[in-house]
Amino acid sequence: MAYNENILNKSIDPAVHQMLARAETLGLETVWDRYEKMLPECGFGELGVCCRNCNMGPCRISPFEDQGPQKGVCGATADIIVARNLIRMIAGGAAAHSDHGRDLAHTLLLTAQGKSGGYKIKDETKLMALAKEYGIDVNGRSKEDIALALAKNVYAEFGKQEGYVQFTRRAPDKRLAVWQKAGIDPRGIDREIVEIMHRTHIGVDNDPVNLILQGLKASIADGWGGSMIATEISDVLFGTPTPTRSTVNLGVIKADQVNIIVHGHEPVLSEMIMAASNDPDLVSRATAAGAAGINVTGMCCTGNELMMRHGIPIAGNFLQQELAVITGAVEAMIVDVQCIMPSLGDLCECFHTRFISTSPKAKFPGAVHMQFNEEKALEIAKSIVESAVDNFTNRNPAKVFIPDEKTDCMAGFSTEAILAALGGTLDPLLDAIKSGAVKGIAGVVGCNNPKIKHDHGHVALVRELVKNNVLVVTTGCNAIACAKAGLMVPEAANTAGDGLKGVCQSLGVPPVLHMGSCVDISRILTVCAAIANALDVDICDLPVAGAAPEWMSEKAVSIGAYVVSSGIFTVLGTVPPVLGSPLVTNILTHAANDVVGAAFAVETDPIKGAGLMIAHIEKKRQALGL
Ligand code: SF4
Ligand code: MSK
């Protein structure tokens with residue numbers, strides 16, 4: 001079917017084209033419609049020069065020196081306001097990731113105490129390795145006892161006042177020395193986030209450089225702290241991912257089954273929903289209602305968590321959440337935290353879909369709240385699934401429209417799985433990098449954003465990298481975009497340059513490796529640390545680059561900050577709200593090199609963005625004599 005330009009310009013994904021046409025027919029509003037109504041977006045906001053930090057304002061600085069105020073009522077300049085706003089975004093993102101990590105630590109604690117309703121310790125090897133890292137005595141102790149000690153240690157990372165966050169010691173010594181010299185080696189996770197809120201209060205820190213250093217410090221506490229804790233403890237509880245096959249895109253929704261979509265971020269909920277959906281009584285209840293079964297699929301990072309560990313299909317990435325509801329075939333959209341659009345409430349009311357919120361931290365208009373708690377996890381999950389099953393008979397077949405689009409993919413490349421694929425040692429990868437067969441590694445991550453044609457930024461950039469023999473590791477909504485584009489099957493090696501193609505074919509892996517959800521960018525950090533240690537260099541010396549082609553969330557700002565702080569040059573595909581301050585822009589794009597050995601670039605054209613990354617990788621290869 002031919003679609004109008006307006007639809008074709010919104011996404012590269014045929015499933016999205018079909019659903020946008022469907023939304024138009026039904027007169028339903030989506031995120032793209034609201035974005036268009038918002039245009040032109042606020043110019044002061046885009047430049048980062050508006051401040052609401054006290055009630056003498058709100059203030060905004062004119063971008064033109066001779067037209068309008070150059071200082072806020074308190075005297076804050078554009079440089080101060082932009083720096084404060086930027087690091088408040090980092091605080092928001094670091095808080096979100098780290099609170100996710102805290103919830104996992106809480107679940108481990110309850111599980112160790114025998115108080116959690118259905119969770120088990122799945123990966124004892126990882127439990128023991130983490131216990132060793134924390135200096136916990138494991139001799140003669142039960143795994144529950146060890147898990148309890150680990151949970152208490154990990155929990156303490158959040159409220160720690162002095163010292164350091166344990167996992168930061170996974171960074172190469174050279175990197176640690178950089179952080180210590182700059183005064184950005186984080187103390188406790190919460191402490192650094194709180195300190196941002198303090199420093200950005202009116203009349204506290206008014207030095208843009210000092211402010212940004214604190215932003216970097218909190219971001220390191222996220223990447224090498226909260227996010228890494230989330231990843232590692234999820235592996236202990238739910239298993240460390242290994243390569244698994246699955247499918248992705250809206251076509252994974254099944255017309256003849258009860259469809260449940262789990263959307264959000266924390267695997268604590270989705271693992272139990274998946275377990276409950278296999279309950280024989282609930283399956284019989286579904287068949288008695290006329291369904292062929294219960295089909296659980298994922299959305300956004302919860303989808304990535306389930307796919308990585310169980311091969312559960314993913315219905316789509318961030319911009320597809322509304323479209324999933326518009327299929328008219330979803331009995332329940334079950335959400336926990338982060339990246340869930342509040343528009344879902346109104347939209348679900350146009351269909352029979354039950355919008356079910358589960359976290360006391362995240363309630364939504366139009367949602368039924370079925371509060372989840374870890375102590376009665378399976379019991380609550382069963383009642384949520386039951387409510388979805390009972391909703392099947394309310395489905396109106398005349399409203400069902402599921403696009404026939406789904407793509408095969410391979411996911412589950414944890415750091416451990418990558419090592420296993422390499423035969424237990426990094427040597428084959430290092431040899432490939434040294435020989436030039438693999439020019440370097442790119443971490444490509446992040447969201448969707450209606451400012452950019454959906455998935456185009458992700459897929460065009462990744463294809464260009466792969467074509468130029470750069471191995472891509474990915475997480476989050478980029479991973480879902482790449483999977484939909486067919487880049488995550490071993491056969492996709494055919495799209496790679498000759499060197500990368502040969503390496504992928506000999507290992508039987510795709511040229512784009514799915515490493516998990518947003519918090520799993522911590523896995524990319526550990527891979528980089530291992531390679532740097534093997535070559536006896538710092539991470540900033542490696543032929544490695546990062547990109548977030550379609551980023552939108554505060555979490556992405558924190559991610560960008562910790563990736564650059566870790567020494568990795570990073571290209572942003574949407575413009576961050578900092579251009580109102582030439583000083584802050586210069587710090588982020590140039591001066592950061594002198595402090596952390598890496599900086600940002602902003603490039604909205606994905607092919608040019610890939611070009612910047614390839615040029616950076618070539619420069620680092622030359623410096624290493626490769
Ligand atoms: Fe205005 Fe200063 Fe108050 Fe911000 S902190 S709103 S710039 S007076
Ligand atoms: S879900 S943070 S839109 S990647 Fe992690 Fe996707 Fe970005 Fe959310």
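Visitor: At 46% relative accessibility, what does K361 count as?

Guide: This is a predicted model, in which local features need pLDDT of at least 70, side-chain atom pairs count only at pLDDT 80 or more, and totals for chains, interfaces and linings use all residues. Residues are numbered from 1 along each chain as written, chains are lettered from A and ligands numbered from 1 in written order, and side-chain values use heavy atoms without hydrogens or water. Buried means under 20% relative accessible area, exposed over 50% and partly exposed in between, with a 1.4 Å probe and protein chains only. Because K361 has a relative accessibility of 46%, this residue counts as partly exposed.

Visitor: With which residue does K361 form a salt bridge?

Guide: A salt bridge here is a side-chain nitrogen of Lys or Arg within 4 Å of a carboxyl oxygen of Asp or Glu. The closest N and O atoms of the pair to which K361 belongs are 2.8 Å apart, and the partner is D103.

Visitor: How many residues apart in sequence are the parts that D103 and K361 tie together?

Guide: In the salt bridge between D103 and K361, the closest N and O atoms are 2.8 Å apart. D103 lies in helix α5, whereas K361 lies in the loop between β8 (354-357) and β9 (368-369), so the parts tied together by this pair are separated in sequence by 258 residues.

Visitor: By about how much of a helix are R102 and D99 separated?

Guide: Helices (H or I, at least four residues) and strands (E, at least two) are DSSP runs, numbered from the N terminus. The side chains of R102 and D99 also meet in a salt bridge, at 2.7 Å from N to O, and both residues are partly exposed, R102 at 24% and D99 at 22%. Because R102 and D99 are 3 residues apart in helix α5 (residues 78-112), their separation is about one helical turn.

Visitor: Which helix holds R285, the residue paired with E386?

Guide: E386 is partly exposed, with a relative accessible area of 32%, and R285 is likewise partly exposed, with 38%. The side chains of E386 and R285 meet in a salt bridge of 3.7 Å, N to O. The pair ties together parts that are 101 residues apart in sequence, because E386 lies in helix α16 (residues 377-390) and R285 in helix α12 (residues 280-288).

Visitor: How many salt bridges does the structure hold?

Guide: Some salt bridges are linked in a network, whose members include K126, E133, R170, E232 and D235. Across the structure, the number of salt bridges is 37.

Visitor: How many of the 11 residues of helix α11 are buried?

Guide: The buried residues of α11 include P267, V268, L269, S270 and E271. Helix α11 (residues 267-277) is largely enclosed by the rest of the structure, because the buried ones among its 11 residues number 10.

Visitor: Between which domains does ligand 2 lie?

Guide: Residues count as near ligand 2 if one of their heavy atoms lies within 4 Å of it, and those surrounding ligand 2 include H265, C300, C301, F318 and C339. Domain bounds come from an automatic or database domain assignment. Since both domains give residues to the shell, ligand 2 lies between domain 3 (250-399) and domain 4 (410-623).

Visitor: From which domains does the shell around ligand 1 draw at least three residues each?

Guide: Among the residues surrounding ligand 1 are C51, N53, C54, R84 and I202. At least three residues of this shell come from each of domain 1 (5-60) and domain 2 (80-238).
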